[in-house]
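Let's work through how a few labels get attached to a structure. Take a look first, then follow the questions.

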Amino acid sequence: MVVLTMDTATDALSVAVGRMEDGAVEVAAAAASLVQRGHSRLLQPLAMQVCQTAGVEPGDLEGIVVGVGPGSYTGVRLAVSTAKAMALVLGVPVLPVSTLWALAEAACPDQTAASWLVMPLVYARRRRAFGALYHKRFGVWRTLEEERVRPVGEWSSRMADAAAHLSEPEGPPLCLVTDDFRESHHVLPELSIAPLHTRAPLAAVAGGLGPALLRLAAAGAATWRRGDEVHEIEPMYGLAVEAEVKLEEAKGRGHGQL
Amino acid sequence: MNGLLLLGIETSCDETAAAIVRDGRVVLAESIASQMDVHARFGGVVPEVASRRHVAVVTRVVADTLSQAGLAFAELDGIAVTYGPGLLGALLVGVSAAKGMALASGLPLVGVHHIAGHVAAALLADEADAGARLPALALVVSGGHTEILRVDERFGFTRLGGTIDDAAGEAYDKVARLLGLAYPGGPKLDQLALTGNPEAYAFPRSLIDAPNFDFSFSGLKTAVANELNRRRQRGEAVDIADVAASFQQAVCDVLVEKTARAVAATGLHRVVVAGGVAANQGLRRALAERAEADGFTVVFPPRRLCTDNAAMIAAAGYFAMRRGLRHDLHLNAHATVSLADWQCGRVV
Ligand SMILES: [Zn+2]
């Protein structure tokens, strides 16, 4: 199966083309861009370029794997809209995959017996982050905490708790955080609560994100959507729209309208 | 001879729309998912809500349009998409989808200026007639725009003038809110004006004597607000139908006067009216009367094509492609872009 992968939910735009057969993966070409606000212009040209490098015509694609966030609202819509549109033209299925999971796989491609506790974090303003907690051993992932928004400090202490639990049977896990935090977000000190062995900044994992989506797809990480089901794919936003929250609050206070 | 078939996609505000148009004139199929009800709860369009809805329905409206027309992608000749002006997040959904379709199908792509789309709506054939011909003057009146344009026979635009503050449609919505009419208030105000006395209040006709084709509507809105306040403070009753009718008369007087003067100045005796306010009954009547008196013709698009739709985008895309405009996969969306920058390919 010839597959195109793409993700635009973070500051990294990542694409890849490869073949999957019986759970095995062969990456034919991959590319990434960290150009600020460049995703909307560059996604499709980069996808085209990766296809050409791989020697694949767009018409040869048999499936599209797309990162569905959570992450930047505007960003995450770019890849999802593009994937749905391409699938409509080509008549191929789409596999929606969590961007956070893909970040975890990109940061931790290890297939050995080592026990890894991985926490991907994407900044969500007001000292909060979209995050999740995963455990990996022998190349098999287990989700400990589903994708959601929490204060960064809370994520850090959750990671500490998870590390303590995992230590019981097999000794302490290797703890890895991958994040897109900048100095200006003022949350870096809060990461120090986490039992951190390695920190992988987004820039370091961006190039591996496209191939990571391919490996997760081959491992059966999500369910392929076919035919009319493709229309129903939506980004994982992680947060309600502020205007909707306010409207609900106003209703609660007995006002009909804002 | 099938002619050239273009798929149009429009997501610049709160309508997700797709259409297939032949040779820029004949609508073969259209599908539209309106978000009007979604935004009515908020009293206005919430950009993030709009963008989320667009992603949820964009491929479905395209699929519906293709199946209505009984066509496959391979049978189309190109894809046209609104790339600006509009809500950036909303525009990006349509542009991303259109670029994905162009990448997957190899079809030519053209980004379309939303206002050029509104003008092209008047060129589309209706059941009744074959649509307007070019060259013509265009009066564009919508919630975001009030402009007088000269459109040459090759669909090239020259801007003669436009609003220096609020758009006419914006003034309608603001005054409707002052009168307590629920969102979207413009059409309700138009309806209410039918029953009122247009001479009850003397609201200002800003710039009506200025020797140019510019408009200003913010003073008019302020005048209405002041009048309402004054009456309420004195405890006087206000007949809102009279206010609506007098406001509408002031807007129409200016629009009609400047349009008639543009006809005289350019010698173009054909005027097309475009944009959401082109559906306004008061404006239609006032312009038709003046056209009759001055001896020019005025063409209004069918009412359903006055509001945002994709048939007008496919039509504008066809005429733009014929002028040689084409975009590659680097096409971006722009919240603001001028007609001039669009048509010469300066902003992509
Ligand atoms: Zn419009």
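**The zinc site and the interface**

The zinc ion is held at 2.1 Å by His114(B) (NE2), His118(B) (NE2) and Asp308(B) (OD). This is a predicted model, where local features need pLDDT of at least 70, side-chain atom pairs count only at pLDDT 80 or more, and totals for chains, interfaces and linings use all residues. Residues are numbered from 1 along each chain as its sequence is written, chains are lettered from A and ligands numbered from 1 in the order in which they are written, and side-chain values use heavy atoms, with hydrogens and water left out.

Q: What makes His114(B), His118(B) and Asp308(B) donors of the zinc ion?
A: Donors are N, O and S atoms within 2.8 Å of the metal (3.2 Å for Na, K and Ca), and water is not among the atoms, so sites may look incomplete. These atoms sit at 2.1 Å, so they qualify. Along the chain their spacing is H-x3-H-x189-D.

Q: What makes Glu232(A) and Arg60(B) a salt bridge?
A: The rule wants a side-chain nitrogen of Lys or Arg within 4 Å of a carboxyl oxygen of Asp or Glu. Here the closest N and O atoms are 3.6 Å apart, so the pair passes. Across the interface of chain B and chain A, the rule finds three salt bridges.
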